[in-house]
Amino acid sequence: MATVALMPLVKLDSDYLTLGAVLIALAVVFSELAGVFVNSVPPEISTPANRGRVSGTAWAVGYWGSIVCLGLVLVLFVMPGTGMLGITGEDGWNYRAIPLFVALWILLGTLPLILRAPRHAATAPGERWNPWQGYASIIRRVLRAVKEEPVMLQYLVASAIYRDGLGAVFSIAGVLAANAYGFGAVEIIVFGIAANLLAGVGVFLGGRVDDRVGPRPVIIAGRTGIIVLGLVVLAFEPTIVFWVAGLAICLFVGPVQSASRNLLTRLSLPGRETENFGLYATTGRALGFLGTAAFAATVALSGETRTGILGIVIVMALGLVAFLPIRLGAAGRAAAAARSGASTA
């Protein structure tokens with residue numbers, strides 16, 4: 001939040017590029033660290049039978065909250081002219097003020113978790129730590145997972161591939177909209193609002209499907225839907241196809257994200273959820289170049305921005321191929337089916 005609040009210091013000048021890049025990088029790091037703990041909370045506030053619904057509803061609230069935030073940004077800062085707040089557009093201040101609003105939004109959104117999340121005592125109070133110890137700890141944790149949780153480790157690698165594809169869907173959508181379809185700033189924001197609305201609906205319903213059939217079918221179906229719709233956007237050039245198929249993709253992204261989190265909680269040994277979500281974030285960042293690199297490579301080879309969609313589709317397909325052979329057992333099935341299978345065994 002503090003890093004985001006500092007972003008208005010970045011002026012519309014190339015001399016401030018380094019400062020902007022550093023602030024964005026720090027914000028991503030802090031966001032990932034926060035995500036580790038947020039993702040490890042569901043096992044403590046849900047049961048195996050309703051964890052899909054709880055996870056899906058949480059994702060949906062996040063998406064719908066983004067809609068409200070985007071809508072307020074659009075009205076208060078962007079249109080008409082410089083927005084209802086009347087902040088001058090001189091030196092880009094109507095845009096540079098947006099991070100202050102976002103920082104306040106983050107604070108209000110995280111306060112309930114800060115105040116009411118389950119609390120645990122530190123396992124090593126007062127122990128000194130440095131980054132080198134962190135890397136050593138990651139290596140030790142991976143080696144232990146090879147022996148004790150090999151399926152979980154396989155899943156982390158496979159999910160890191162397709163999760164990067166999922167991230168690229170949202171991060172590159174704006175680039176496609178602007179460069180390939182000529183969207184202006186207002187159109188991009190409207191598209192973002194519609195995308196988050198449908199993503200919220202998709203993940204809200206997907207969480208309930210997760211409870212009924214298990215996370216594995218949801219992940220497979222969701223990624224298959226994204227791949228097929230991505231190929232549709234690639235095959236047909238009209239802008240209306242991008243609107244329809246692009247927004248339809250958003251219906252599948254959320255369920256895959258939510259079910260992926262739920263599946264990791266099921267694969268984790270009791271008490272290791274936070275550690276495993278740390279690895280979840282680490283593997284995701286280690287392979288975090290795949291989606292953007294594939295997009296850039298296909299654009300460079302073809303000379304056309306729209307063909308970059310193929311790169312994202314390839315990454316999603318590779319993630320699906322890596323995921324399918326993993327023997328998830330009861331963790332990939334619905335909680336009720338897993339219990340009945342255990343009782344008859």
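The charged end of Arg 208 sits over the ring of Phe 204, at 3.8 Å from its centre. A charge is counted as over a ring if NZ of Lys or CZ of Arg is within 6 Å of the ring centre and within 35 degrees of the ring normal. Arg 163 likewise lies over the face of Tyr 280, 3.6 Å from the ring centre.

The model is predicted, with local features needing pLDDT of at least 70 and side-chain atom pairs counting only at pLDDT 80 or more, while totals for chains, interfaces and linings use all residues. Residues are numbered from 1 along each chain as its sequence is written, and side-chain values use heavy atoms, with hydrogens and water left out.

**Aromatic pairs**

Rings of Phe, Tyr and Trp (its six-membered ring) pair if their centres lie within 6.5 Å; planes under 30 degrees apart count as stacked, over 60 as edge-to-face and the rest as tilted. By this rule there are 13 aromatic pairs. In one of them, the ring centres of Tyr 181 and Phe 242 are 4.4 Å apart and the planes meet at 25 degrees, so the pair is stacked. Tyr 181 is in the loop between helix 8 (150-180) and helix 9 (185-213), whereas Phe 242 is in helix 11 (residues 239-267), so the pair ties together parts 61 residues apart in sequence. Helices here are DSSP runs (H or I, at least four residues), numbered from the N terminus. Both Tyr 181 and Phe 242 are buried, where buried means under 20% relative accessible area, exposed over 50%, and partly exposed in between (1.4 Å probe, protein chains only).

Not counting residues up to four places away in sequence, Gln 257 touches Trp 59, Tyr 63 and Leu 166; contact means heavy atoms within 4.5 Å.

The expected span of a helix is 1.5 Å times one less than its number of residues. Buried residues in helix 2 include Gly 20, Leu 23 and Ala 27. The buried residues of this helix pack against helix 1, helix 3 (42-45), helix 11 and helix 12 (273-286). Ser 31, in helix 2 (residues 17-39), is partly exposed at 48% relative accessibility. Its C-alpha atom is 8.9 Å from that of Met 1, 30 residues apart along the chain.

Helix 6 (residues 98-116) has 19 residues and should span 27 Å; its end C-alpha atoms are 28 Å apart, which agrees. This helix bends by about 40 degrees at Thr 110, with Pro 112 following within four residues. The bend is the angle between axes fitted to the seven residues ending at a residue and the seven starting there. Ile 98, Pro 99, Phe 101 and Ala 103 are buried in helix 6. Their cover includes helix 1 (2-5), helix 4 (51-78) and helix 5 (93-96).

**Salt bridges**

A salt bridge is a side-chain nitrogen of Lys or Arg within 4 Å of a carboxyl oxygen of Asp or Glu. The count is 2 salt bridges.

| Salt bridge | N to O distance |
|---|---|
| Arg 96 and Asp 91 | 3.0 Å |
| Arg 306 and Glu 304 | 3.7 Å |

Arg 96 is buried at 7% relative accessibility, and Asp 91 is partly exposed at 38%. Arg 306 is buried at 10%, while Glu 304 is partly exposed at 37%.

Technical notes
Helix = DSSP H or I, 4+ residues; strand = E, 2+ residues; numbered from the N terminus.
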